[in-house]
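Trainee: I would like to go through this structure step by step. Could we begin once it is on the screen?

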Amino acid sequence: MFQERASTVGSLVALEKKKTCSYATGAALSNSTSQFHFYIPEAGYLEESPIEFGQISAPKTSSGIPSEESFSSPSSLPASFPFASSESVPLPFPMGHGTTTLAFMFQGGVLAAADTRSSCSGLVACPAAQKILPIHSHLVGTTSGTSADCALWKRILSRELRLYQLRHGRRLSTGGAAKLLSHMLHPFKGTELCVAATLCGWDGGELDDGCRDDHKGSETDDSERRDTTETPKADVETTAGAPGEKVSLSKTQSSSRTKRQCSRRKISFSGPGLFYVCSDGTRLEGKLFSVGSGSPYAYSILDQGVRWGLTVEEATSIAREAVYRATRRDAYSGNFVDIYHVTANGWTRRTREDLKEEYYREKERRRLERERRGTTSSE
Amino acid sequence: MLSAQSFGGPGKMKEYHYTGAVENRFSPYAFNGGTVLAVAGEDFAIVASDTRLSEGYSIHSRDSPKCYKLTDTTVIGCSGFHGDCLTLTKIIDARLKMYKHSNNKTMTSGAIAAMLSTILYGRRFFPYYVYNIIGGLDEEGKGAVYSFDPVGSYQRDTYKAGGSASAMLQPLLDNQIGFKNMEGVQHVPLTQEKAVQLVKDVFISAAERDVYTGDALRICIVTKEGINEQTIPLRKD
């Protein structure tokens with residue numbers, strides 16, 4: 001069941017060709033999954049059956065892992081790590097999935113909204129789940145897919161971002177966090193891991209006091225804190241998760257900005273960031289995303305109303321309306337709506353709202369309008 | 001001993017009559033039935049489970065409770081595949097001891113919940129087929145219930161039912177404890193006596209309608225004085 005869920009997510013966003021990135025063996029990535037020594041069942045154990053009658057011979061295990069050269073976590077996996085999902089154990093229980101989440105960027109920052117229904121093959125496992133998880137003070141992520149995967153990988157991402165912040169004295173940008181998450185999920189491509197997240201954040205302009213030389217002063221301030229309203233270009237954000245690239249940063253920075261002598265990294269962009277990351281390897285940047293089984297319904301509302309110049313109230317009401325319509329039409333979405341708003345000061349959360357009330361309010365509105373018109377119109 | 005593959009899913013039996021060739025593959029999982037329930041109150045928590053251990057059409061034991069005491073303030077209820085329940089509780093006990101020895105204090109309920117989540121996720125590709133519910137007191141002495149799915153997703157609740165009769169019990173708890181889907185009722189906080197009585201009634205109802213639930217009910221009441229256990233008989237058919 002979770003297999004079909006993953007394919008639904010994949011069909012909603014066009015799969016991008018993965019660029020072959022060369023990983024640096026930075027400390028940031030080395031132990032990202034060493035905490036989890038994933039136990040993979042030996043395929044041989046599963047093929048042996050006490051009942052041999054009617055047995056079909058099992059396919060051979062794929063020998064050798066495709067070389068993930070510098071990604072050290074495969075060393076913690078057993079050698080017969082099955083990349084093809086046909087090797088995995090058939091599960092006797094269904095996994096939870098099915099949702100409506102959306103996020104978009106506007107002049108007031110980034111708004112993220114989601115429903116709260118956590119379903120499990122027809123049963124509502126939890127009517128009040130939390131699908132928008134704050135990662136740090138200026139970054140929230142919406143989750144879709146298997147809830148356990150999303151919760152755990154978000155935790156790992158928070159840890160890695162915090163380590164990055166401690167090592168480099170500044171927060172990693174949204175694009176960098178998205179790249180980090182995408183790289184962490186890459187070894188599990190082809191397995192049943194299912195994570196489809198949008199990372200919504202505000203890239204900061206602050207640096208740690210200790211890492212700036214005094215004579216730089218206000219000049220670097222002006223060039224750094226450019227509040228742009230343009231779409232952030234992915235290549236401008238050289239804040240990839242590997243510290244090994246730090247040294248090359250000062251060389252590859254475009255000429256308009258490098259006046260620094262030291263090899264300190266430099267914030268070249270400050271403003272909202274919105275990225276979509278999927279466990280099949282997709283990493284997209286954009287201004288508007290909706291993910292989940294209810295996303296077609298949400299897209300229809302959002303495409304109608306979202307523009308850059310919205311006020312915060314208008315944006316909130318559009319997001320709320322989009323989630324409400326999706327919950328009305330999609331069986332796997334429902335219950336409440338959560339809205340998070342990310343600005344330069346961090347994220348704020350709107351009180352969770354019960355959509356049942358909204359449904360009754362709308363019925364009341366329709367009834368009053370029918371009475372006012374004085375005709376018996378159909379629903 | 002029947003292999004779980006002859007069943008259509010957890011708790012469902014396939015008919016014996018079939019048309020065509022069937023591949024019988026060994027499944028490492030079995031479904032042993034059982035229901036677990038936990039309720040959190042103001043200063044108490046209740047974890048209750050039935051004591052029937054079944055497999056397919058047979059009952060293996062009438063006295064196999066599914067609540068396990070972890071610390072003086074935490075009880076865990078595990079239902080699903082009994083083999084994985086036993087191993088998981090052994091692993092949790094070992095990790096509790098390790099924590100106690102290295103940190104010189106017992107783990108709090110919230111910490112146990114977070115640890116269990118990582119233990120379960122460590123087996124993401126060959127999961128423990130166990131539905132866990134942890135009930136206990138948090139650091140402030142308030143009741144806490146943490147419910148898990150088999151791969152480690154968890155959250156804190158006020159009440160939760162898990163196991164074979166969970167789909168029947170959860171709506172009833174929503175209504176009686178959460179006062180959901182009712183209009184014009186007063187929301188009174190749950191007292192310990194009322195909670196215990198509610199749990200007994202709820203399990204009696206579950207035993208009527210779910211074949212895998214019955215025999216006896218084990219209730220563990222966690223308060224700051226300690227853990228109090230009661231056993232109440234249920235229908236045995």
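Mentor: Keep in mind that this is a predicted model. We begin with a pair of residues in two neighbouring strands: in S2(A), Ala112(A) is the bridge partner of Ala103(A).

Trainee: How many bridges join S1(A) to S2(A), and how do the strands run?

Mentor: A hairpin of 2 residues connects S1(A) to S2(A). Ala103(A) and Ala112(A) are bridge partners across these strands. Strands of a sheet can pair either parallel or antiparallel, through backbone hydrogen bonds. For S1(A) and S2(A) the count is 6 bridges, and the direction is antiparallel.

Trainee: Which residue in S10(A) stands opposite Thr101(A)?

Mentor: S1(A) is also joined to S10(A), by 4 bridges, and these strands run antiparallel. In S10(A), the residue opposite Thr101(A) is Val291(A).

Trainee: How many of the 6 residues of S1(A) are buried?

Mentor: Buried means under 20% relative accessible area. In a regular strand the side chains alternate between the two faces of the sheet. On one side of S1(A), Thr101(A), Ala103(A) and Met105(A) are buried, and on the other Leu102(A), Phe104(A) and Phe106(A) are buried. S1(A) is therefore largely enclosed by the rest of the structure, and its buried residues number 6 of 6.

Trainee: Which residue of S11(A) is the bridge partner of Ala113(A)?

Mentor: S2(A), residues 109-115, is joined to S11(A) by 6 bridges, and the strands run antiparallel. Val110(A) stands opposite Val342(A) of S11(A). For Ala113(A), the bridge partner is Ile339(A).

Trainee: How many residues lie between S11(A) and S12(A) in their hairpin?

Mentor: S11(A), residues 336-343, has 6 of its 8 residues buried. S11(A) and S12(A) run antiparallel and are joined by 7 bridges. Thr343(A) has Gly346(A) in S12(A) as its bridge partner. The number of residues between the two strands of this hairpin is 2.

Trainee: Which strands of chain A are the edge strands of the open sheet?

Mentor: The sheet has 5 strands in the order S10-S1-S2-S11-S12 of chain A, with antiparallel pairing. Neighbouring strands are turned by 15° against each other on average, with direction ignored. An edge strand pairs on one side only, and in chain A the edge strands are S10 and S12.

Trainee: Within what arc do the buried residues of H8(A) fall?

Mentor: Helix H8(A) covers residues 295-305, and its buried residues include Ser295(A), Ala298(A), Ile301(A), Leu302(A) and Gly305(A). An α-helix has 3.6 residues a turn, so residues three or four places apart point the same way. On the other side of H8(A), Asp303(A) and Gln304(A) are exposed. The buried residues line one face of the helix, because seen down the axis of H8(A) they fall within an arc of 125°.

Trainee: Is Thr174(A) buried or exposed, and what is its relative accessible area?

Mentor: Thr174(A) lies in helix H5 of chain A. The cut-off for buried is under 20%. Thr174(A) is buried, and its relative accessible area is 2%.

Trainee: How many residues apart in the chain are Tyr29(B) and Phe126(B)?

Mentor: Tyr29(B) and Phe126(B) form an edge-to-face aromatic pair, with 5.8 Å centre to centre and 65° between the planes. Both Tyr29(B) and Phe126(B) are buried. Tyr29(B) is in the loop between S2 and S3 of chain B and Phe126(B) in the loop between H2 and S9 of chain B, so the pair links parts of the chain that are distant, with a separation of 97 residues.

Trainee: Which residue has its charged end over the ring of Phe126(B)?

Mentor: Phe126(B) belongs to one aromatic cluster with Tyr29(B), Phe31(B), Tyr129(B), Tyr131(B) and Tyr212(B). A charged end sits over the ring of Phe126(B), 4.9 Å from its centre. A charged end also sits over the ring of Tyr128(B), 4.5 Å from its centre. In both cases the residue is Arg123(B).

Terms used: Residues are numbered from 1 along each chain as its sequence is written. Chains are lettered from A and ligands numbered from 1 in the order in which they are written. This is a predicted model: local features need pLDDT of at least 70, side-chain atom pairs count only at pLDDT 80 or more; totals for chains, interfaces and linings use all residues. Side-chain values use heavy atoms; hydrogens and water are left out. Rings of Phe, Tyr and Trp (its six-membered ring) pair if their centres lie within 6.5 Å; planes under 30 degrees apart count as stacked, over 60 as edge-to-face and the rest as tilted. Buried means under 20% relative accessible area, exposed over 50%, partly exposed in between (1.4 Å probe, protein chains only). A charge sits over a ring if NZ of Lys or CZ of Arg is within 6 Å of the ring centre and within 35 degrees of the ring normal. Two strands pair if DSSP finds at least two bridges between them. The arc is that of the directions from the helix axis to the C-beta atoms. Axes are lines fitted to C-alpha atoms, for helices over the stretch in contact, and angles run from 0 to 180 degrees between N-to-C directions.
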